[in-house]
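Dear colleague,

I am passing on the structure we spoke about, and my notes on it follow below. Please read them with the coordinates open beside you.

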Amino acid sequence: MLNRLRALDLTDDKGFLCGKILADLGVNVIKVEKPGGDPSRAIGPFWGGVPGPDRNLYWFAYNSDKKGITLDIEKPRGRRIFEKLVAAADFVLESYPPGYLDKLGLGYDRFHGIYKKLIWASITPFGAGGPYRHFKDSDIVVMGLSGTLYQTGEADGPPVHISLPQACLHAGADAAVGCMVAYYHRETTGLGQRVDVSMQQSAAWFQANAIPSYELNGSILKRAGAFRTGVSSQVAQRQVWPCRDGYIFFNVIGGRTGAKTLSALIAWMDEERMATDFMLHLDWDNFDMFTVTGDVMDRISGPVGEFFRRYTRKELLAGAVRRGVSIGPLSGMQDLLDDECLNARSYWTQIEHPELGTSITYPKEYIRSSLMDYSTRSPAPLVGEHNEEIYKELGFTNKDLQSLKKEAII
Amino acid sequence: MEKREGVFSGLKILAFAWAVVGPLTMKFFADHGATVIRVETSHRPCTMRSSAPYKDNQPGVNRGGYFTYYNANILSLALNMNHPGAAAVVRRLVTWSDVFFENYTPGVIERWGLDYESLKKLRPDIIMLRQSGYGSWGPYKNLPAFGMVLVPIAGLPNFIGWPSKEPLPVGVSAYTDCISPRFAAAALIAALDHRNKTGEGQLLDLSQFETAISFILPGLLEYESTGKEPERIGNSSPHAAPHGVYRCQGDDRWCTITVSTAEEWRAFCDVIGKPGLVKDPRFSTLEKRRENEAELNKIVGAWTVDFSPEEVMARLQKAGVPSGVVSNAADVLHDPQLRQRNIFWPMQHAEMGDFTHLGESFQLSETPAQPYSPAPLLGEHTEQIMTEMLGMSDEEFVTLMREGVFE
């Protein structure tokens, strides 16, 4: 159904994922870039470490299955072409600073008046309005203002950032949902609307129990390094455990859910004669994480930690799968490519990059449907790769294209 | 029950939802008018209902802040699936539903005879959305999953922490819990659209593990390119210096600063009252600043420590330099920007009183998300659902209730 739809994707790295999800679902997404390519193409890392607009790995990661054209919307002729493109579009996705497109006379308000069905997603660091709307951003700045950064890091050190940009992904994914909700509405009413996405808000949307903890107890959830806080009244529980060749993540969880996985772990330790009497006789069904004492936690953590140190991540995962123990080995990148489950589910696919003379492994599909094929088919577009195809569709001739190129419009 | 006006008014979802992934996925629909019935049981309440923090520090299934925060607009049906009388009730619910959602460990739904093939017999055009940790089929299907273990298996901690120290979890521990719901919601809307136009239902099977990898994909591609596993780099960035978190005045107060361009560097030096630094050969280019980052960070930190993070943010932003407060929960709740964005909904909860529920994550200009109702008490809507929505007679309802079906 969605393959009859077209989206113009004018986002930079703040919004790539929105169009990627829509493209996965079948929407024809066309990236519209400045002549020479979007400035985000200039930010590394690059394939093979060699800088170049068509080698940017962020671009690769989140623009596959899109087509790409170039267009200078700041020039009058470019503006007119953009108007034509919008006339044939169902979605416009953009991440310009608030007000930029309005100044060019290409903003939502204008097009919304003409094309009632148009859905327009704006992805900005802080939202289209409000006191921060013109603030300068970076991922660490936005993650800081979202509440996520504060809670990550060692207890006695500064907050620590996730070194791969994240706020843009929360926002891009939210924008895709927003576009789909708006589309569903449009299909019954014929009316489009604007989706206003703030990276700060999208990243702030999930903070586990930090907000309720503050509201109910006045307590600020702090960084706890390899530990987890906010679950127990008395103790912090270890989450990161060294094992023979790396790290294993494991949490003691209370309630019935915890009882099942913990009993399975202790039975496993018992097979290896590593479970203590204390553990074997603990009443896991009534084990309460909220009231558990430090002493009890220590008597669990000691032997569990020793057990993990004996084995490799692979051995622990294989044992956990057999017994239903909830643990997570820290996967390296090669581990992900080799992962048994991902491979059994044909998660990875090779996509040809003829311009690099190689193929690259990508996730094949994030969404699996019994009815639809949502797999990734083509790599991210090169700069202006589909100019001819798309502009000819609009009625431009070879001669027009030449003059557009000459004037640096495309 | 008040009428739900929204994009999804009239849409009926039966949700066997668990933990955070369940309600967050349902939220996109419930907040836009869908009727989302969450099947629960007092014999085994959702793990979030028995998670701290509690109102007045008194544990109780209707007093958990973690649960309440994430479950606005959702209706609760208490149904003991292990009671022999439950099967007939579920069949009626399935027939009534447009969508069957579940995010249990695979196998649970099958044990209850609610696999896709069985659902289709009851409701041929049903859309089933499954969203377990590792997918409903495959070698890890029986491995119980939580966000806390999905974060590492998806590789995120490789990108968190200091080079010489251990990798760190995301402080928001179950971080992956907010990733798959967005993919799932977009896919479910596409499936609903398809059904509305063709009459065909479908099965959607999402794996939280698989969707989480989307958040580290550039790191994976870099590995494919270089063959080098990622290294933890603390708060530095290849694209900016200064780049990081700096201590401010006050107890555990911090700010962020990012200086990428020459223009930002000049502006930054002016703001900190050291315009001469611009010409300092140690810091004259981004490469130099990256090389001498430790020294640079000392200079930055010596300046920030005399100001509150709010002052640092105001001064640097005024000069066009990206900077912000490292907000804690209180800062986030009172953030002047977020307060304008409908992200927090003050609501009156039956047992907790005034309590902030999570609101929307994006804004729609014409059909905003609505706070229809606070998080439900366990089983709060059982009678209403059975008698008003399913049309069960009062007599039958009372009989089944006495038998313990609705527990």
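Of the 410 residues of chain A, 55% count as buried, and please bear in mind throughout that this is a predicted model. Chain A contains 17 helices and 14 strands, and its C-alpha trace spans about 85 × 50 × 45 Å along the principal axes. Among the contacts in chain A with a separation of 6 or more, 67% are made by residues 24 or more positions apart.

On domains, the assignment for chain A gives domain 1 (2–205 + 380–406) and domain 2 (226–330), with C-alpha centres that lie 44 Å apart. Chain B is divided into domain 1 (12–214 + 342–403) and domain 2 (243–328), and here 43 Å separate the two centres, again taken over C-alpha atoms.

Turning to the contact between the chains, 127 residues of chain B are in contact with 127 residues of chain A. Helix α7 (residues 180–198) of chain B supplies the largest share of the side of chain B that touches chain A, namely 11 residues, and that side as a whole divides into 70 nonpolar, 39 polar and 18 charged residues.

As general background, nonpolar side chains in soluble globular proteins tend to be buried together.

Helix α9 (residues 210–217) of chain A deserves a separate look, since seven of its eight residues are buried and the helix is therefore largely enclosed by the rest of the structure. The buried residues of α9(A) are Ala210(A), Ile211(A), Pro212(A), Ser213(A), Tyr214(A), Glu215(A) and Leu216(A). What covers them includes elements of chain B, namely α2 (65–70), α14 (329–334) and β11 (353–358). Just after α9(A), Gly218(A) takes a positive phi of about 65°.

Finally, chain A has an open sheet of three strands in the order β9-β10-β11, with antiparallel pairing. Strands β9 (240–243) and β11 (328–329) of chain A stand at the edges, and because each has a single partner strand, one side of each is left without a neighbour in the sheet. Between strand β10 (residues 246–249) of chain A and β11(A) there are two bridges, and Ile248(A) has Pro329(A) as its bridge partner in β11(A). Helix α12 (residues 294–310) of chain A packs on this sheet, where it touches β9 and β10 of chain A, and its direction makes about 45° with that of β9(A).

With best wishes

Technical notes:
Residues numbered from 1 in each chain as written. Chains lettered and ligands numbered in written order. Predicted model: local features only at pLDDT ≥ 70, side-chain atom pairs only at ≥ 80, totals over all residues. Contact = placed C-beta atoms within 7 Å. Helix = DSSP H or I, 4+ residues; strand = E, 2+ residues; numbered from the N terminus. Nonpolar A, V, L, I, M, F, W, Y, C, P; charged D, E, K, R; others polar. Domains from an automatic or database assignment. Pairing = 2+ DSSP bridges. Axes fitted to C-alpha atoms, helices over the stretch in contact; angles between N-to-C directions. Buried ≥ 20, exposed ≤ 12 C-beta atoms within 10 Å, placed from the backbone.
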